[in-house]
Amino acid sequence: MYLLELIFENSAHNGDGRFRFQKRKDSRTIAKWTHLGSDRAAGELLKLISIALGGDKYVNAIGVPADLTGDRQQPLSVIEVLARHAPLDANH
């Protein structure tokens with residue numbers, strides 16, 4: 001499974017936006033490594049990716065830290081766009 005894009009709303013450091021993994025130059029494939037940086041926004045992005053890929057089972061078990069939301073009166077929204085390997089990822 002490949003995470004192609006992450007779409008988020010109401011995050012504390014990244015606000016509303018999207019993150020797309022870069023493709024290799026002159027290729028249709030995604031680079032194996034993506035450098036994010038070391039600032040708070042990059043750290044938050046890693047947490048948002050974890051939430052997106054963890055699924056309901058794990059997110060409900062560990063909860064979402066309140067400091068990830070920008071406006072605490074509004075929900076944090078995280079949506080992932082995935083590419084799956086058939087048939088290996090069919091049940092995940």
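**View 1. Helix 1 (residues 40-62) lies across strand 1, strand 2 and strand 3.** The helix runs at about 110° to strand 1. Contact means heavy atoms within 4.5 Å. Axes are lines fitted to C-alpha atoms, for helices over the stretch in contact, and angles run from 0 to 180 degrees between N-to-C directions. Helices (H or I, at least four residues) and strands (E, at least two) are DSSP runs, numbered from the N terminus. The model is predicted: local features need pLDDT of at least 70, side-chain atom pairs count only at pLDDT 80 or more, and totals for chains, interfaces and linings use all residues. Residues are numbered from 1 along each chain as its sequence is written, and side-chain values use heavy atoms, without hydrogens and water.

**View 2. Three strands form an open sheet in the order 2-1-3, with antiparallel pairing.** Strand 2 (15-20) and strand 3 (77-83) are the edge strands, each pairing on one side only. Neighbouring strands are turned by 10° against each other on average, direction ignored. Pairing requires at least two DSSP bridges between two strands.

**View 3. Strand 1 (residues 2-11) and strand 2 run antiparallel, joined by five bridges.** Leu6 stands opposite Phe19 in strand 2.

View 4. A salt bridge is a side-chain nitrogen of Lys or Arg within 4 Å of a carboxyl oxygen of Asp or Glu. The count is two. Glu5 meets Arg18 at 2.6 Å, N to O. Glu5 lies in strand 1 and Arg18 in strand 2, 13 residues apart. Arg20 meets Glu5 at 3.2 Å, N to O. Arg20, also in strand 2, is 15 residues from Glu5.
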